[in-house]
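Q: Please take a close look at one part: the place where the chains meet. Set it in its surroundings, and give the cut-offs behind each term.

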Amino acid sequence: MKCVWTQKVSHLIDGELAHAEAREVERHLEACGDCREAREDFLLLRRQLASYRLDLDAFAERRALKHILSGGKDAAKVKRENAAAPVRRRYASAGVFGMPRLSPVGLAALLLILFGVAVGVVSLLNSRRQTVEIAKTGATPAPSANANNEANTGAQTAPPTVPNDSTARDNKSDGGASVAENNPKQARTELTNDARRRSVSSARTGNRARRIESAGRKVPQTSPRLDAMPIDAPVAESARNDVESVDNGIGAVEASDNDAARRVVEVSGEIDAARHVEQAQLLLRSFRNARPDEQGRRASSDLAYDKQRSKKLLYQNIVLRREAASRGNLPVESLLDSLEPILIDIANLPDRPAPAEVRAINERMRRQNLVAMLQISAVESASARSY
Amino acid sequence: MVRDEEDEFAVMFHEFYPGLCRFIACLLGGRGASGTAQDIAQESFLQLHRTGLRSLPEGEARFWLYRVARNFTLNELNRHNTRHRLFGKMVDVFRAHVPTPEEEFEMAERKDQVIDMLKTLPEQQRAALLLREQEEMSYREIASVLNVSEGKVKVDVFRARTALRERWGKRERALAQRSGQAG
């Protein structure tokens, strides 16, 4: 490649020579092998350079044009996106642990489903726990009622929010007064346990009748607690009379046959039902007769107390209704069955319910004549036990 | 920018964007980060968009675009060379293994041969040759893009071809010698 015409060969293949000069170079090419070889090499190089193709991302190209036409305000952003485009596409194809990557909407839906499942599991656990609590609460008064009513009377008539210390002290003459004074709930538990112990011992020694008699003597002493309730005087008086009549029923049990333990159980169940009906009647009367304030709302303290009593009575109601059903006592079962929704509604009232909600419950009570039915049932049971 | 001008710009963009990217990539010769050629091309078109397509003389936009792209590429090469000098010194200090000529030959063989040989050319020659062979510009147009005389373009193109031809010949001879030894 020492020929001086080689540069002209380069110009020739570029078409940059004049016509006469190009013809002269072509004639030289016919005679010069080096220049022909140079021309072939130059043309080969041209083909190689012209055939070189760059792999371009069409999406990036369109995006670049779009941003340029938009004014190029975010050109730096586009630049970064172009640089990161292959990486982003790679990450976009796979999510965590190789799973498909979710869009934000899909991710939100998944989280919502997980939250719903969690709420469902928690509510299921709570319902199971509540069932167990109901079973425990319902099981507590039964044995004591079956054996004697000494502790049961004190436990059921002792309102947790009314600390009548003197009454508790009088009732619990065997050393449990201090406990009842400090913690009525604990006192009730201890009384119940005490009643269980005594029931076992009395069954062994045959002194059940004396125990029932002592319970009968103590019941009137518990009645002043009813005076602390926010009810009118006739209602309290009737309730007091009813309790006394129930105690007379206990006296009837005392006079009955000693060997009929099953009958004692049945009678005790009836007594429990009678007491429950009386307490429910008092609650419903109290709830119905409560006076709202100027805004039509009830005092929150009264309502809270009614709700608490309603909840307690609801648990008793469930147990007693089942017992009545098992004994085939249809009137009692029907009565308790109609009482139960009202108790549930009162127990589930909010702390400051709307006047309409309270009115709705009162209206339902009125339509069903529930208070009257409870009163009739109480009178009937009292008259039946008086024989 | 009115709608017609935008359409005209878009047509021009789609027509020249691939070639401009290829020209920039070959000028870079594999230097610079991934996507640098596209970034520079985009930046060049953005400059053209800001300048206004119709503010340029008729038929001048393409050369204007390549001129701007080359300037951006030179800036990038300068930045890369600065970084590479510093990094190269660090590599020389810490590098324990020096590749043998045979290893270097095999590495070069794996790379794109044309681009690899273009890297050895001076930038002026490389740009002139690329504009001639790939973009099929005349010497006058190349001179306009590179802002040099037409005579210099003639010389640069010829020198670039000659240099590549020599290197290509050396490579062919080395391959032939290697295949002869293997046989």
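A: Start with chain A, whose secondary structure comes to 19 helices and 0 strands. Helices (H or I, at least four residues) and strands (E, at least two) are DSSP runs, numbered from the N terminus. This is a predicted model, in which local features need pLDDT of at least 70 and side-chain atom pairs count only at pLDDT 80 or more, while totals for chains, interfaces and linings use all residues. Residues are numbered from 1 along each chain as its sequence is written, and chains are lettered from A and ligands numbered from 1 in the order in which they are written.

Chain A has 387 residues, and 28% of them count as buried. Buried means that 20 or more other C-beta atoms lie within 10 Å of the residue's own; exposed means 12 or fewer, and partly exposed is in between, with C-beta atoms placed from the backbone. Chain B comes to 8 helices and 0 strands. From its N terminus, the elements read α-α-α-α-α-α-α-α. Of its 183 residues, 35% are buried.

Contact here means that two C-beta atoms, placed from the backbone, lie within 7 Å. Take contacts with a separation of 6 or more. In chain A, 70% of these join residues 24 or more positions apart. In chain B the figure is 69%.

Now the meeting of the chains. Chain B brings 29 residues to the contact and chain A brings 27. On chain B, four helices each supply at least two residues: H1 (3-28), H2 (36-51), H6 (123-133) and H8 (150-182). H1(B) gives the most, with 9 residues. The chain B side holds 15 nonpolar, 5 polar and 9 charged residues. Nonpolar covers Ala, Val, Leu, Ile, Met, Phe, Trp, Tyr, Cys and Pro; charged covers Asp, Glu, Lys and Arg; the others, Gly among them, are polar.

One helix pair spans the two chains. H4(A) and H2(B) pack at about 30°, axes 10 Å apart. That makes them roughly parallel. Axes are lines fitted to C-alpha atoms, for helices over the stretch in contact, and angles run from 0 to 180 degrees between N-to-C directions. Under 35 degrees is roughly parallel, over 145 roughly antiparallel, 65 to 115 roughly perpendicular, and the rest oblique. The crossing of H4(A) and H2(B) is right-handed. A crossing is right-handed if the near helix is turned clockwise from the far one by less than a right angle, and left-handed if anticlockwise. H4(A) uses Ala60(A), Ala64(A) and Ile68(A), which meet Gln38(B), Gln42(B), Phe45(B), Leu46(B) and His49(B) of H2(B). These residues divide into 5 nonpolar, 3 polar and no charged.

Next, the core. A nonpolar core is a set of buried Ala, Val, Leu, Ile, Met, Phe, Trp, Tyr and Cys residues joined through C-beta atoms within 7 Å. The largest one has 45 residues; Leu20(B), Ile24(B), Ala41(B), Ala69(B), Ala128(B) and Ile142(B) touch the most other members. Helix H4 (58-69) of chain A gives two or more residues to this core, as do H1, H2, H3 (61-94), H5 (113-118), H6, H7 (139-146) and H8 of chain B. H1(B) has the largest share, 12 residues. Leaving out residues up to four places away in sequence, Leu20(B) touches Ala41(B), Ser44(B), Leu65(B), Tyr66(B) and Ala69(B). A second, separate core of 26 residues includes Leu282(A), Leu283(A), Val319(A) and Val371(A).

H8 of chain B also carries Arg167(B). Arg167(B) has 15 C-beta neighbours inside 10 Å, so it counts as partly exposed. Outside four places in sequence, Arg167(B) contacts Met117(B) and Thr120(B). Met117(B) lies 50 residues away in sequence, but 7.5 Å away in space, C-alpha to C-alpha.

For reference, a helix pair inside chain A. H17 (residues 330-347) and H18 (residues 355-368) of chain A pack at about 170°, axes 10 Å apart. They are therefore roughly antiparallel. Ser338(A), Ile342(A), Asp345(A) and Ile346(A) of H17(A) meet Ile361(A), Arg364(A), Met365(A) and Gln368(A) of H18(A). By class, that is 4 nonpolar, 2 polar and 2 charged residues.
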